[in-house]
Amino acid sequence: MADVLLVFNAGSTSLKFAAYRVDAAQGLSRCVAGSVDAMQAAPRFVATGPAGQALARHDWAPGQRVGHDEALRFAVAWLQGHLAGSTLRAAGHRIMLGGERFDGPVRLDDAVLAYLDTLVAFEPSHQPLNVQGARTVAALMPDLPVLMMSMHDENLYA
């Protein structure tokens with residue numbers, strides 16, 4: 001049974017995600033990457049394996065809009081099924097701004113999220129989606145620690 005970390009990035013028009021196997025000797029190795037793209041026009045879910053091979057695809061009806069909460073629910077459900085037998089250890093969510101308090105990973109709780117909400121005016125196109133995405137991930141997996149990841153961790157979602 002493998003230990004796995006999940007990472008998410010709820011952007012302005014898409015959701016990106018990845019899953020990493022954790023090995024004490026070898027570190028992190030990506031086992032899944034994917035996205036829900038074109039959320040406001042022609043939404044599609046795509047997941048690929050470590051070598052870029054197609055694992056799954058789902059297209060919503062043409063013209064249907066998909067919100068970030070729905071995209072996260074779909075991605076989390078698919079990941080939980082795909083990673084069955086693995087032990088999910090933590091999830092990270094990209095947060096655009098950590099303000100003066102946070103410049104690296106921190107465990108998200110109500111107080112941290114409330115502070116991050118105060119920064120929305122500085123980055124209104126991404127911060128509210130990032131913070132709401134982190135809340136959704138925490139609600140979908142309440143027993144899993146959810147961490148704030150900075151914009152500098154962008155390579156984790158690609």
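**Strand pairing and a buried glutamate**

Mentor: Strands β2 (residues 15–23) and β3 (residues 27–37) run antiparallel, joined by nine bridges. This is a predicted model: local features need pLDDT of at least 70, side-chain atom pairs count only at pLDDT 80 or more, and totals for chains, interfaces and linings use all residues. Residues are numbered from 1 along each chain as its sequence is written, and side-chain values use heavy atoms, leaving out hydrogens and water.

Trainee: What makes β2 and β3 a pair?

Mentor: Strands (DSSP runs of E, at least two residues) are numbered from the N terminus. Two strands pair if DSSP finds at least two bridges between them. β2 and β3 have nine, so they pair. A hairpin through three residues joins β2 to β3.

Trainee: How do you know that β3 pairs with β4 (residues 44–48)?

Mentor: Five bridges link them, against at least two required, so they pair, in the antiparallel sense. Ala-33 stands opposite Thr-48 in β4. Their hairpin has six residues between the strands, and Ala-38 there takes a positive phi near 50 degrees.

Trainee: Why is Glu-123 said to have no salt bridge?

Mentor: A salt bridge needs a side-chain nitrogen of Lys or Arg within 4 Å of a carboxyl oxygen of Asp or Glu. The nearest side chain of opposite charge, Arg-94, is 7.8 Å away, so Glu-123 has none. Yet Glu-123 is buried (under 20% relative accessible area, 1.4 Å probe, protein chains only).

Trainee: What does Glu-123 touch?

Mentor: Met-96, Leu-97 and Pro-128, not counting residues up to four places away in sequence. Contact means heavy atoms within 4.5 Å.

Conventions:
Buried < 20%, exposed > 50% of the residue type's maximum accessible area, 1.4 Å probe, protein only. Lys, Arg positive; Asp, Glu negative; His and termini not counted. Helix = DSSP H or I, 4+ residues; strand = E, 2+ residues; numbered from the N terminus.
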